[in-house]
Amino acid sequence: MSKSLINTQIKPFNAKAYHRGEFIEVSDESLKGQWAVVFFYPADFTFVCPTELGDLADTYEELQSRGVEVYSVSTDTHFTHKAWHDSSDTINKIKYPMVGDPTGQITRNFEVMIEEEGLAERATFVIDPEGNIQVIEITAGGIGRDASELLRKIKAAQYIAANPGEVCPAKWQEGEETLAPSLDLVGKI
């Protein structure tokens, strides 16, 4: 990544996804108007990926209650996503769109393509309703992500969006005190 994508607008894309037994169209416009998570992972039928996608599926209902849609993305096709969904008990519980990116356009738009392998990094993006990237998390291939930590970050991003001038400190949980940056706080935290 040459420059951070934080606070930048998502780039245009069109793709097909497997979602609730159907193939659907998904685009950058699909992500706008609500909070969205774009959850990149290297490949279907692998090892760490199903544990992460299953963890996210277990948190999906709570994310939906907060107005958040999830889009998992790999460089597999939407057909491969369907086959994986049909053959794995863990993946079968997924109710969010599984986006196919066989050309790598979306993965490159978000600057997480491993070019030598044609696979996506293990990367998470939280996008606000205006289509701006608010959170980026990228981990090494062997390190699985935690949906509860993602949910905490989404709650913080939504709080900050609703309360301009406030910030959420480390380990902030919903309902806890926030900070209002000011000259009075300098050196006192």
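Among the contacts in the protein with a separation of 6 or more, 65% join residues 24 or more positions apart. The model is predicted.

The protein's secondary structure comes to six helices and nine strands. The radius of gyration is 17 Å, close to the 16 Å that the globule rule gives for 189 residues, so the protein is as compact as a globular protein of that length. The C-alpha trace spans about 55 × 35 × 30 Å along its principal axes. Of the 189 residues, 46% count as buried.

**Empty space**

Rolling a probe the size of a water molecule over the atoms shows where empty space is left. The structure holds two cavities of 30 Å³ or more.

| Space | Volume | Lining by class |
|---|---|---|
| Largest pocket | about 200 Å³ | eight nonpolar, one polar, three charged residues |
| Largest cavity | about 40 Å³ | nine nonpolar, no polar, no charged residues |
| Second largest cavity | about 30 Å³ | three nonpolar, one polar, three charged residues |

Take the largest cavity. Its lining consists of Phe13, Val26, Leu31, Val38, Tyr71, Val73, Val99, Ile106 and Phe110. The lining has nine nonpolar residues, and no polar or charged ones.

Phe39, Thr124, Glu137, Arg145, Asp146, Ala147 and Leu150 line it. Three of these lining residues are charged, one is polar and three are nonpolar.

**The largest pocket**

Which elements each supply at least two residues of the lining of the largest pocket? They are strand E9 (133-139) and helix H6 (147-162). H6 gives the most, with six residues.

**Cysteines**

How many disulfides does the structure hold? The count is zero. Is cysteine 49 buried or exposed? Cysteine 49 has a relative accessible area of 1%, so it is buried, the cut-off being under 20%. Cysteine 168 stands at 22% relative accessibility, so this residue counts as partly exposed.

**Glutamate 69**

Glutamate 69 lies in strand E4, residues 68-74. Why does glutamate 69 count as buried? Its relative accessibility is 12%, and buried means under 20%. Tyr71 and Val73, from the lining of the largest cavity, fall within the residue range of E4.

Which residues does glutamate 69 touch, leaving aside its neighbours within four places in sequence? The contacts are Gln34, Trp35, Ala36, Val37, Tyr60, Gln64, Tyr96 and Pro97. Yet the C-alpha atoms of glutamate 69 and cysteine 168 are separated by 23 Å. Along the chain, the two residues are 99 residues apart.

How values were computed
Residues are numbered from 1 along each chain as its sequence is written. This is a predicted model: local features need pLDDT of at least 70, side-chain atom pairs count only at pLDDT 80 or more; totals for chains, interfaces and linings use all residues. Side-chain values use heavy atoms; hydrogens and water are left out. A disulfide is a pair of cysteine sulfur atoms within 2.5 Å. Buried means under 20% relative accessible area, exposed over 50%, partly exposed in between (1.4 Å probe, protein chains only). On a 1 Å grid over the protein atoms alone, a cavity is a set of points where a 1.4 Å probe fits but cannot get out, and a pocket is an open set with protein on both sides within 12 Å along at least five of seven lines; lining residues have an atom within 4 Å of a point. Grid points are joined across faces, edges and corners, and a volume is the space filled by probe spheres set on the points. Ala, Val, Leu, Ile, Met, Phe, Trp, Tyr, Cys and Pro count as nonpolar, Asp, Glu, Lys and Arg as charged, and the others, Gly among them, as polar. Helices (H or I, at least four residues) and strands (E, at least two) are DSSP runs, numbered from the N terminus. The radius of gyration is taken over C-alpha atoms; the globule rule is 2.2 Å times the number of residues to the power 0.38. Contact means heavy atoms within 4.5 Å.
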